[in-house]
Amino acid sequence: MSLLLVRIDDRLLHGQVTQGWGSVLKPDRFVVANDTAAGSDWEKEMYETTAPEGVLVSVLSLSETGDRIREWIEAEEGILLLIENPSDALTLYRAGLMFEVLNMGGLHHRDGRKRILPYVCLDSDDIVALEDLRDHGVMIECADVPNCERKDLFECLGSTASGI
Amino acid sequence: MIRGVVFTHDSLGEAFCESVGSFLGPQEGLVCLSNRNLSAEQMMEALIAAVGPEGEGVVIFSALFGGSCWQTSERLKRERSDVRHITGVNLAMLLAFMNKREETAFDDLVEMVTGYGHRGIKP
């Protein structure tokens with residue numbers, strides 16, 4: 001098996017992921033790669049209790065994510081990986097976790113971020129991290145739900161990028 | 001007054017509150033909140049605003065166990081002793097809440113209202 005989906009979603013593991021993507025991709029395990037969540041026993045337990053029947057949930061720090069995922073893939077597991085933001089995605093990639101496609105599933109508005117799609121808002125730091133990933137050959141693909149039209153992030157950005 | 005917040009995806013909560021009004025007429029102390037286009041952080045800010053300051057108690061109703069509204073509600077419940085949370089909201093549950101909240105102790109209300117919700121589900 002493999003990394004079935006690497007997804008940026010600032011809500012991490014939630015209904016759209018478990019019900020939408022989970023029912024289509026049928027992963028063996030959801031992995032939440034997030035230092036804040038991994039640092040809280042309460043948050044870890046909360047995510048673990050929401051696992052759909054028959055699916056495992058693991059909440060890991062960024063530093064331990066790559067090695068653990070490689071172990072699970074060698075053990076024939078299908079993994080759906082959740083990352084909070086582009087910076088964390090780049091951190092994982094630089095640490096050796098290779099992926100060819102990065103799903104941009106939900107990055108919501110906050111001060112300084114500009115809306116690109118209803119579910120994608122970016123600031124200049126986000127763009128820098130995503131450009132770095134793109135320059136390493138990673139396709140950044142926007143799709144909040146499995147059956148929507150897939151859009152290349154940088155095509156969506158177009159001339160907007162220079163204004164962010 | 002014990003207040004209610006219906007916190008759901010998209011316009012589901014709005015529809016629940018509208019339906020409660022069509023059964024019982026205009027009601028105070030029941031508000032709806034959507035998670036549409038909000039980050040986890042913004043959802044918490046919006047929920048704190050909807051719940052308001054500490055008072056006689058607030059019950060949050062979410063729709064989907066494990067969903068982002070459920071998660072945010074559980075996080076706030078952990079921080080606030082005057083907040084309770086029920087997921088799996090249905091109309092029977094909400095109507096019971098509105099009808100029973102004035103005559104039921106806050107600590108008993110969640111169990112009672114959840115029971116009405118269960119009894120509203122039939123195969």
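Buried means under 20% relative accessible area, exposed over 50%, and partly exposed in between, with a 1.4 Å probe and protein chains only. This is a predicted model, in which local features need pLDDT of at least 70, side-chain atom pairs count only at pLDDT 80 or more, and totals for chains, interfaces and linings use all residues. Residues are numbered from 1 along each chain as its sequence is written, chains are lettered from A and ligands numbered from 1 in the order in which they are written, and side-chain values use heavy atoms, with hydrogens and water left out.

**View 1. A salt bridge joins R134(A) and D135(A).** A salt bridge is a side-chain nitrogen of Lys or Arg within 4 Å of a carboxyl oxygen of Asp or Glu. Here the N to O distance is 3.3 Å. R134(A) is partly exposed at 36%, while D135(A) is exposed at 60%.

**View 2. E43(A) and R75(B) form a salt bridge.** Their closest N and O atoms are 2.7 Å apart. The pair crosses between chains, linking helix α3 (residues 41-49) of chain A to helix α3 (residues 68-79) of chain B. Helices are DSSP runs of H or I with at least four residues, numbered from the N terminus. E43(A) has 14% relative accessibility and is therefore buried; R75(B), at 18%, is buried too.

**View 3. R68(A) pairs with E71(A) in a salt bridge.** The N to O distance is 3.7 Å. Both residues lie in helix α4 (residues 62-74) of chain A, three residues apart, or about one turn of the helix. R68(A) is partly exposed at 30%, and E71(A) is partly exposed at 45%.

Conventions: Helices (H or I, at least four residues) and strands (E, at least two) are DSSP runs, numbered from the N terminus.
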